[in-house]
Amino acid sequence: MESKQIEENKGKLALEISKTVSFMPTIINGVQSSNPTKIIQPLAEKVRKETGAEFVVVGNIDGTRYSHPLQSMIGKKMKGGDNQKAIKKGKYYISKANGSLGPSIRGKSPIFNKKGEVIGVVSVGFLLEDVHQQITKNIIKVILVSIFALIISFFGSILLGRNIRKDTMGLEPYEIAVLYKEKNAVLHGVKEGILSINRAGFITMMNQPAKKLLQIKGSVRHLKVDGLFPSTYLFEVLNSGIPLVDKEINWKDKTVIVNCTPLPDETGISGVVASFRDKTEIEQMVNTLSEVKSYSEDLRAHTHEYTNKLYVLSGLLQLGEYEQALAMIQAETQVLQVQNSILFNQIKESKVQAILLGKLGKASEKKIKFEILSESYLDILPTHIKLSSLIVILGNLIDNAFEAVSESHHPTVKFFATDIGSDIIFEVSDNGKGINENDIPHLFERGFTSKSGDKPRGFGLSNAEEAVVEMNGMIEVHSNQESGTVFTVYLPKQYERRAENA
């Protein structure tokens, strides 16, 4: 294909040169002059040398040469037998023939006088041997260029591969695909919210738990992080490159714990990854555990109280004081009969029974009269009211009542429960000194307390209110310094989950 193209190009070049020479006035006049060779030979040689042709031969209509690269060939007949179409028909064409210099490819052009008569012929040619040499040179050149390009491509591919492997940390494509799938599974599988930003502060990734926790809807990719929620810590890490651990931000109705980690690269910090945890949930879990612990301590106190009574009863029997022992048993039995009649016959919910038994023991140990009102009646509670919630609500209210009457002459705490109507009602009252009127609006604020001491306080009533509100209930408080304080809790029997904030 290459050789054929080169031959065609050489033939076309030979023809164009022969046409140009045949139109030269000097050549036309020279053919008609008395000494054509003298005029034509110098010009033909000049054209040959400038164009690189192997020969430029001008002959008359008889085929006699007026020019030739070899002086000895001038005046002799042109060889090849391919002049007839030009001389007799006046045509321009390309031919192949074996001439005086060897096989060649030629361009033939007739020479016309002013009357339009053919008076001679121009033959310009390139030796086929030279054409083949050029073809060989071109092929070698193409091969060398191809080899060079192949070598460059080989080393270029090595360098590119190294660069790509460096960017991909030496991972193969299938390993990257696996990591990508694992990353998506982890991001959307963990409970913690995860978010990442780039150097400019635009969000590059946020999983669903983060959106839910921060109450963000829709796509956030390529949005500015500081337009969505407080992001001071993220930009602090972005600028300093120092990780931040367990920092708190207040967002809407939640306290969120944030951990920020910088993403370093060769140019510095390319971004930040942040994780979010809902501190409110953690606090609720810790508080529930604390209340369960308190509940177990109440049961321990109840056990301890009766153990002491058994020791006293044992001592009386050993001393022979049978009447006193009998009186003690009767007095204790009378109290228990009244309490147990209400507790086991009218309070049919075992969770509430367990809490009240623990508190009865604790009240006995603290010398507080803890009375379950005879008007109380409570059937089995709906399934949405859990033991942990009851411990938080009733445990905190009764314990607060015990503390409120600790300085009273006749400390009394009363408990009332009913499920008449559409709500379940619990009421805890005490005969303490009451609550300051200015403190009532702040009672359920987290951390608020009117008590002194080093022990952390101000969380019990807040936790109780959160548990009540979680079940769509409400809690009321009435207090005065003469009659004490009454807390009333209303819990709907029908529970509907609250819609999440948008």
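Residues are classed by relative accessible area: buried means under 20%, exposed means over 50%, and partly exposed lies in between (1.4 Å probe, protein chains only). Pro-103 is partly exposed, with a relative accessible area of 46%. The structure is a predicted model, in which local features need pLDDT of at least 70, side-chain atom pairs count only at pLDDT 80 or more, and totals for chains, interfaces and linings use all residues. Numbering starts from 1 along each chain as its sequence is written, and side-chain values use heavy atoms, with hydrogens and water left out.

The protein has 502 residues, of which 39% are buried. Its secondary structure comprises 13 helices and 14 strands. These elements are DSSP runs numbered from the N terminus (helices: H or I, at least four residues; strands: E, at least two). Contact means heavy atoms within 4.5 Å. Among contacts with a separation of 6 or more, 55% join residues 24 or more positions apart.

Pro-103 sits in strand S3 (residues 102–112). Not counting residues up to four places away in sequence, Pro-103 touches Ala-97, Asn-98, Leu-127 and Leu-128. Its C-alpha atom is 7.6 Å from that of Glu-129, a residue 26 positions away along the chain.

Axes are lines fitted to C-alpha atoms, for helices over the stretch in contact, and angles run from 0 to 180 degrees between N-to-C directions. Angles under 35 degrees count as roughly parallel, over 145 as roughly antiparallel, 65 to 115 as roughly perpendicular and the rest as oblique. A crossing is left-handed if the near helix is turned anticlockwise from the far one by less than a right angle, and right-handed if clockwise. Ala, Val, Leu, Ile, Met, Phe, Trp, Tyr, Cys and Pro count as nonpolar; Asp, Glu, Lys and Arg count as charged; the others, Gly among them, count as polar.

Helix H2 (residues 25–32) and helix H3 (residues 36–51) have axes that come within 8 Å and cross at roughly 155°. H2 is therefore roughly antiparallel to H3. The crossing is left-handed. Thr-26, Ile-27, Gly-30 and Val-31 of H2 meet Pro-36, Ile-39, Ile-40 and Leu-43 of H3. This contact has six nonpolar, two polar and no charged residues.

The axes of helix H11 (residues 350–365) and H12 come within 10 Å and cross at roughly 25°. H11 is thus roughly parallel to H12. The crossing of this pair is right-handed. Residues of H11 in the contact include Lys-351, Lys-359 and Lys-362, and those of H12 include Asp-399 and Phe-402. By class, the contact of H11 with H12 has 10 nonpolar, one polar and four charged residues.

Helix H12 (residues 387–404) also packs with helix H13 (residues 460–470), at an angle of about 140° and with axes 9 Å apart. The crossing of H12 and H13 is left-handed.

Positive phi values occur at two residues other than glycine. Asp-246 has a phi of about 55°. Asp-246 lies in strand S7 (residues 244–251) and is partly exposed, with a relative accessible area of 46%. Lys-367 has a phi near 60°. Lys-367 belongs to the loop between H11 and strand S10 (369–372) and is exposed, at 63% relative accessible area.
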